[in-house]
Amino acid sequence: MKTLLTSLAAFTALTAAAAAADLPRRAAPPVFTPVPVFTWTGFYFGINAGYAFDASSGDNNRGFVQTAGSPAVLGAGGLVPYRALAPLGSTLIYNKNNREGFSGGGQIGYNYQFTPGSGVVIGFEADAQYLDFGGRPRYATNAAAINPGFIPVNGTLNTLDFFGTVRGRLGYAFDKTLVYATGGFAYATGDQGTQGVAFQNFAGRRDDFKTGYTVGGGAEFALPTDSFLNFFRSSAVTFKVEGLYVSLDRNRTGLPLVGASVNTGAVLPVYAVTGNTSRNTNDFAVVRAGLNYKFGSY
């Protein structure tokens with residue numbers, strides 16, 4: 001009986017082992033890899049290029065008529081009548097396309113997104129831009145003679161070759177698309193020669209910058225990793241389109257700048273005093289596109 005029980009136990013054990021060997025092996029559980037959520041939060045830098053054009057208010061005053069009292073040169077003692085053309089009654093008209101041209105430069109900034117995926121985004125951005133408003137202006141005149149010391153200048157905008165802004169940004173993100181408004185401080189400057197006459201107050205004094213404000217808006221998109229514009233092949237590269245309106249301080253007189261007087265080395269601004277002088281604002285608009293690289297993206 002004892003032998004029978006021992007044999008039965010051994011048979012049972014062997015049968016169980018064989019059955020276990022026939023059971024399928026348990027596969028390891030799959031590893032769950034969460035899909036990363038794109039965020040606009042982070043510092044970024046980039047480049048941009050576009051087109052700038054005159055957006056000043058008022059009529060298209062693009063020149064002057066020579067009279068006994070106009071134009072006038074601004075010196076230390078104030079405005080003094082200036083004979084730019086001869087004879088009296090002669091006119092000088094500028095080409096209206098002088099106050100527009102290429103704009104390009106770079107920007108740096110920071111965004112903060114409150115919720116992952118979609119949500120409100122706030123940030124700031126600073127940029128520095130080259131600005132080409134035509135340099136020496138093209139003009140037409142019926143004058144018999146032009147004062148050799150008179151340099152035609154088509155307004156303050158025609159003298160600018162550099163501007164920059166420091167702006168806040170407020171927008172809403174739809175995943176990898178950001179729509180935003182922007183606004184803040186703007187400044188501009190020109191060269192140091194006769195074309196920089198807009199920054200001359202009178203002999204011996206100079207304003208280094210024109211200052212003002214800017215407002216605008218745009219849209220920014222995270223580029224697909226296989227886009228030909230995405231040199232880094234990551235979601236850190238974004239493309240933006242943007243429009244800005246820039247308004248700078250008016251000149252000292254509030255009158256249209258029409259030229260410069262060069263006399264014994266001094267460069268003095270010349271303003272139209274009579275006639276159609278309603279254009280005295282210094283406003284321009286910029287439409288541009290740019291690429292940014294954002295730190296912190298996958």
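Which two side chains meet in a salt bridge at 2.8 Å, N to O? They are those of Glu242 and Arg288. Glu242 lies in strand E17 and Arg288 in strand E20, so this pair ties together parts that are 46 residues apart in sequence. The model is predicted.

**Salt bridges**

- The count of salt bridges comes to 10.
- Arg288 also meets Asp127 in a salt bridge, with 2.7 Å from N to O. That pair links distant parts of the chain, 161 residues apart. Arg288 sits in strand E20, which spans residues 282–294. Asp127 sits in strand E8, which spans residues 118–131.
- Glu242 has a salt bridge with Arg167 as well, where the closest N and O atoms are 3.7 Å apart. Arg167 lies in strand E12 (residues 160–174) and Glu242 in strand E17 (residues 237–248), so this contact ties together parts 75 residues apart in sequence.
- A network of salt bridges links Glu125, Asp127, Arg167, Arg169, Glu220, Lys240, Glu242 and Arg288.

**Buried charges**

- Are Arg167 and Glu242 buried or exposed? Both are buried.
- Glu242 has a relative accessible area of 4%. It counts as buried because that value is under 20%.
- Arg288 is buried too, at 3% relative accessible area.
- Asp127 has 4% relative accessibility and counts as buried.

**A three-stranded sheet**

- Three strands form an open sheet in the order E2-E6-E9. Their pairing is antiparallel.
- Which strands are at the edges? They are strand E2 (63–65) and strand E9 (139–141), and each pairs on one side only.
- From one strand to the next, the twist averages 15 degrees.
- Strands of a sheet pair through backbone hydrogen bonds, in a parallel or an antiparallel way.
- Strand E6 covers residues 91–94. It pairs with E9 in the antiparallel sense, over three bridges.
- Tyr94 stands opposite Tyr139, which belongs to E9.

- Leu92 is a residue of strand E6.
- Leu92 is buried, and its relative accessible area is 0%.
- What does Leu92 touch, leaving aside residues up to four places away in sequence? The contacts are Arg62, Gly63, Phe64, Leu85, Tyr139, Ala140, Thr141 and Phe150.
- Leu92 and Asn142 are 50 residues apart along the chain. Their C-alpha atoms are separated by 7.1 Å.

**A nonpolar surface patch**

- Eight names make up this patch of about 750 Å²: Tyr112, Phe114, Val120, Ile122, Leu170, Tyr172, Phe174 and Val179.
- Strands E8 and E12 each supply at least two residues of the nonpolar patch.
- Which strand gives the most to the patch? Strand E12 does, with three residues.
- Tyr172 has its place in strand E12.
- Tyr172 is partly exposed, with a relative accessible area of 37%.

Note on methods. Residues are numbered from 1 along each chain as its sequence is written. This is a predicted model: local features need pLDDT of at least 70, side-chain atom pairs count only at pLDDT 80 or more; totals for chains, interfaces and linings use all residues. Side-chain values use heavy atoms; hydrogens and water are left out. A salt bridge is a side-chain nitrogen of Lys or Arg within 4 Å of a carboxyl oxygen of Asp or Glu. Helices (H or I, at least four residues) and strands (E, at least two) are DSSP runs, numbered from the N terminus. Buried means under 20% relative accessible area, exposed over 50%, partly exposed in between (1.4 Å probe, protein chains only). Two strands pair if DSSP finds at least two bridges between them. Axes are lines fitted to C-alpha atoms, for helices over the stretch in contact, and angles run from 0 to 180 degrees between N-to-C directions. Contact means heavy atoms within 4.5 Å. Patches are made of residues with over 30% relative accessible area and no salt bridge: like charges are joined within 9 Å, nonpolar side chains (Val, Leu, Ile, Met, Phe, Trp, Tyr) within 5 Å. Accessible areas come from the Shrake-Rupley method with a 1.4 Å probe; for residues, only the protein chains shown count as cover.
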